[in-house]
Amino acid sequence: MGNSYLPPTIQAASGGCDPVALRAIFACFATGVTVVTANVGGSPVGMTVNSFSSTSLLPPLVLFCAANDSQTWPQIKSTGCFNVNILASDQGKLARRFASRDAPRFAGQTFFTPATGSPVLPGVLAYIDCVLCDTHPAGDHTIAVGQVVEAAKLRDGPPLVFFASTWGAHRPASRRRRLNWRGSHLARSLHLSDRRRVADVRVDDTGAVQTGGSAGKRAQMPIALL
Ligand SMILES: Cc1cc2nc3c(=O)[nH]c(=O)nc-3n(C[C@H](O)[C@H](O)[C@H](O)COP(=O)(O)O)c2cc1C
């Protein structure tokens, strides 16, 4: 029988818990992928995060979990702000880059800055710009809660999905659902027709930040919440 019962791999109540086995079970949960960024005195920082969750509409809150051994999280925390970049299915390379300590994450990268000054990366589906309003210790992670101050959908298309340690794209179950990517009420309500010119920023290969370039990029008018 295909569904035969197997004894549980994890029984924390009986003492101890194998983190490797637990990680494999957590990996059964497919997530989207974000890059959480901040602006540390003019220097951009960011890290790949899949623990992001929308949390509350009234007031508008989101959260993500930061590993306590992360080098980037204390920098984000020090700014009191962060921006959640929601990645598209063609941005796996960007996700890998912002998860690696091997190379400077922003070298050669352009971005623009919303209300808090935390970078919005090119090509993302949407961004959610936040003020850090609360932190909660949670084992080997810290739960960071942000109040949304500005948000915009920038693009249609499938999100980047992370499942069982692999990257993929969301595939809607029906053609009708595929069409809804473009036509959903939610997309329309966030896709305001008004557009504004936003300041572009570029970090060159030496890590120097150049602002106010002429490569001004047009973005959807964000919804400003505060
Ligand atoms: C798909 C994916 C999701 C990740 N999600 C998180 C996360 O939710 N929280 C976190 O602290 N690190 C997460 N990481 C790890 C960080 O991106 C990064 O690798 C780690 O924080 C080390 O870099 P740092 O020391 O600069 O923070 C994730 C990595 C990958 C590849």
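## Close-up views of a predicted model

View 1. Residue numbers start from 1 along each chain, as its sequence is written. Helices (H or I, at least four residues) and strands (E, at least two) are DSSP runs, numbered from the N terminus.

View 2. The protein chain has 5 helices and 16 strands. Of its 226 residues, 28% count as buried (buried: 20 or more other C-beta atoms within 10 Å of the residue's own; exposed: 12 or fewer; partly exposed: in between; C-beta atoms are placed from the backbone). The largest nonpolar core takes in 40 residues, and those with the most contacts inside it are Val-84, Leu-87, Val-124, Ala-126 and Tyr-127. Strand E9 (residues 141-153) brings the largest share of this core, 5 residues. A nonpolar core, by the way, is a set of buried Ala, Val, Leu, Ile, Met, Phe, Trp, Tyr and Cys residues joined through C-beta atoms within 7 Å. Zoom in on Leu-87: leaving out residues up to four places away in sequence, Leu-87 touches Val-33, Thr-34, Val-35, Leu-94, Ala-95, Val-124, Pro-159 and Leu-160 (contact: C-beta atoms, placed from the backbone, within 7 Å). Residues 24 or more positions apart make up 67% of the chain's contacts with a separation of 6 or more.

**View 3. Cys-81 in strand E6.** Cys-81 sits in strand E6 (residues 81-86). Why does Cys-81 count as buried? Because it has 22 C-beta neighbours inside 10 Å. Setting aside neighbours within four places in sequence, Cys-81 is in contact with Ala-38, Thr-116, Ser-118, Cys-130, Val-131 and Leu-132. Thr-37 is 44 residues from Cys-81 in sequence, with 8.8 Å between the two C-alpha atoms.

**View 4. The open sheet E1-E10-E11.** Three strands make an open sheet here, in the order E1-E10-E11 with antiparallel pairing. Strand E1 (31-32) and E11 are at the edges with a single partner strand each, so one side of each has no neighbour in the sheet. E1 is joined to E10 by 2 bridges, and Thr-31 stands opposite Phe-162 in E10. Strand E10 (residues 160-163) and strand E11 (residues 166-169) are joined by 4 bridges, with Val-161 paired to Gly-168 in E11. Two strands pair if DSSP finds at least two bridges between them. Ala-30, in the loop between helix H1 (19-26) and E1, touches Val-161, Phe-162 and Phe-163, not counting residues up to four places away in sequence. Ala-30 is partly exposed, with 13 other C-beta atoms within 10 Å.

**View 5. Backbone details in two loops.** Which residues separate E10 from E11? The loop between them includes Ala-164 and Ser-165. Ala-164 isn't a glycine, yet its phi is positive, at about 50°; Ser-165, also not a glycine, has a positive phi of about 65°. Ala-164 is exposed, with 10 other C-beta atoms within 10 Å, and Ser-165 is exposed with 8. In another loop, between strand E4 (53-56) and E5, you'll find Pro-59; the peptide bond from Leu-58 to Pro-59 is cis, with omega near 0°.

View 6. The mean pLDDT of the protein chain is 85, and 78% of its residues reach 70 or more (pLDDT is the predictor's confidence in each residue, from 0 to 100). Over residues 185-198 pLDDT stays under 50, and the model has 21 contacts for them beyond four places in sequence. Residues 214-220 also have pLDDT below 50, with 19 contacts in the model beyond near neighbours in sequence.

Conventions. This is a predicted model: local features need pLDDT of at least 70, side-chain atom pairs count only at pLDDT 80 or more; totals for chains, interfaces and linings use all residues. Two residues are in contact if their C-beta atoms, placed from the backbone, lie within 7 Å.
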